[in-house]
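I opened the notebook to log what I looked up in this model.

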Amino acid sequence: MLSLDFIRKNPDVVRRAGQLKGEPAPVDEILRLDADWRAHLHKAETIKAEQNELSKQFARTRDEALKERLRQMAEAGKTELSVADAVKRELDDMLLRVPNIFDESVPIGETEADNVVIREWGSKPDLGFPPRTHYDLGEALGIMDFERGARVAGSRFAFLAGEGARLERALVQFMLDVHTREHGYVELWSPLLVNTAAMTGTANLPKFADQLFKVEERDLWLIPTAEVPVTNFHREQILDADQLPLKYVSYAPSWRTEAGAAGKDTRGFIRMHQFSKVELVKVTTPETSMEEFEKLTHDAEAILQRLGLHYNVMAMCTGDMGFAQYKKYDLNAWAPGLDRYLEVSSCSVFNDFQAMRANIRYRPGRGAPPRFAHTINGSGLALPRTLDAIVETYQRSDGMITVPEVLKPYMGGVELIGAR
RNA sequence: GGGGAGGUGGCUGAGUGGUCGAAAGCACCCGCCUGCUAAGCGGGUAGGGGGUGUGAAACUCCCUCGAGGGUUCGAAUCCCUCCCUUCCCGCCA
């Protein structure tokens, strides 16, 4: 969230950000409620201060008349405070719905058509034959099963079988190994269900409840990404500056309702209710967050490069970047069979937007007052689409799939999928 | 799931109605002392919010002892609900 103080001082910045993000910010209502809240609070505190003073006097004198007066003051103070609290609750709720501002470098635009490719790696491979889609190949090889997924859980669920399941596991292992051993991330195994407070911390709530699966009759939600538990790992904490940046990597299945995506990507292993993802999360200082954000993006890119997949990096425009992000890059891997790019990673920097909600702070130096940390995250990478890109890129004319060099150590001797 | 104990500052831990935002110890910081180090001596060190107001200050008030409610002129202390930790029993991958 944005702090009240920031909104008071920069109402126009907040208004403009809301407009350009397509998420209008109720700045005027907030300022009105803020003034209202402070007026009532001030009154309540004035009463309370006098009451505290007289109460000490009563402890000495035991004067009955004074006691009666204090009783009335207590009543008046309580009333005033409850009004202030009610206004503050409304104000807080509104604050949670104000979108983050964005960085100067973010392209201004409304839709994905306004996103900007900032770099590319490799080129579209020429396979020398008409490439098939991953779902075509996957079903033919018996390594992907959409029909059974649908029968067991519904549409947008699937099974991976045999070497397909193994390939997914190999990818997870490979990614975790690279990030932990070479990029210095600490691996976390985390809860896959989290409470409302945690979801609010990462800004998935209250705005995006319709994107989440909720456990009936419990305050628990299925995570849409490991970002949620991992970012909240340090919630309500004051960190030491010399601990920063904290770097975590976590593999987790992720669940999304995909509300509003009806009809999109219904074919294939692309937009599933459940998918696997290796997630990178950093907690850092305001001074280093933009640099750490770029580095995290490169850490995610390294996986694609090692896998030999052609991809591009796209800077999301204001209208397409989302409510909470300060700046965001998407990594899109080329899928020859689908003849399009697939978003395999989304890397974002939030500044203190999440940290404020989750109350993650750090102390810049000895005796210095705490400040909100900055949070960053990105997929490193999302499994199904990465798997798709691999299957489609490494397919042979006979329908078998060559295992990428870097995954061979994880495939238990399998070098060619479908060879049997 | 049943029963017991407990949740206090960075940590340990005292405090059972006002003199408590909180003893003491540890840790840390500043200063003194000292061939050096250690020890010793003095001082300091929670968070959030409001008001006033500056370049960050300074001053002042309010709130916070797991969370929320209640009793009371007054609650860390009494009552209720919830959450969490821990121990014993039961169950169990």
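In which helix is the place of Q51? I found Q51 in helix α3, residues 27–61. Helices here are DSSP runs of H or I with at least four residues, strands are runs of E with at least two, and both are numbered from the N terminus.

Ground rules next. I am reading a predicted model, where local features need pLDDT of at least 70, side-chain atom pairs count only at pLDDT 80 or more, and totals for chains, interfaces and linings use all residues. Residues are numbered from 1 along each chain as its sequence is written, chains are lettered from A and ligands numbered from 1 in the order in which they are written, and side-chain values use heavy atoms, with hydrogens and water left out.

**Entry: Q51.** I checked its burial. Q51 has a relative accessible area of 15%, so it is buried. The cut-offs are under 20% for buried, over 50% for exposed and partly exposed in between, with a 1.4 Å probe and protein chains only. I then listed contacts, meaning heavy atoms within 4.5 Å. Setting aside neighbours within four places in sequence, Q51 touches L70, M73 and A74.

**Entry: the sheet.** I traced an open sheet of 8 strands with mixed pairing, in the order β1-β10-β11-β12-β15-β9-β8-β4. Its edge strands are β1 (116–121) and β4 (186–187), each pairing on one side only. Two strands pair if DSSP finds at least two bridges between them. Strands β11 (residues 327–335) and β12 (residues 340–351) run antiparallel and are joined by 9 bridges. I looked up L331: its bridge partner in β12 is S345.

**Entry: helices across the sheet.** Helix α10 (residues 289–307) lies across β1, β9, β10, β11, β12 and β15, at about 5° to β15. Helix α12 (residues 383–393) lies across β9, β11, β12 and β15, at about 35° to β15. Axes are lines fitted to C-alpha atoms, for helices over the stretch in contact, and angles run from 0 to 180 degrees between N-to-C directions. Why do I call α12 largely enclosed by the rest of the structure? Because 11 of its 11 residues are buried. Among them are R385, D388 and E392.

**Entry: aromatic pairs.** I searched the whole structure and got 8 aromatic pairs. Rings of Phe, Tyr and Trp (its six-membered ring) pair if their centres lie within 6.5 Å; planes under 30 degrees apart are stacked, over 60 edge-to-face, the rest tilted. F174 and Y410 have ring centres 6.3 Å apart and planes at 65°, so they are edge-to-face. F174 lies in helix α7 and Y410 in the loop between β16 and β17, so the pair ties together parts 236 residues apart in sequence. F174 is buried at 3% relative accessibility. W334 and Y341 are also edge-to-face, because their centres are 4.9 Å apart and their planes at 70°. W334 is buried at 7%, while Y341 is partly exposed at 23%. I also noted one aromatic cluster of F208, F323 and F353.

**Entry: charges over rings.** The test is NZ of Lys or CZ of Arg within 6 Å of the ring centre and within 35 degrees of the ring normal. K124 lies over the face of W334, 4.4 Å from the ring centre. K88 lies over the face of W37, at 4.9 Å.

**Entry: cysteines.** I found 0 disulfides, a disulfide being a pair of cysteine sulfur atoms within 2.5 Å. For C317, the nearest cysteine sulfur is that of C347, 17 Å away. C317 is buried at 0%, and C347 is buried at 0%.
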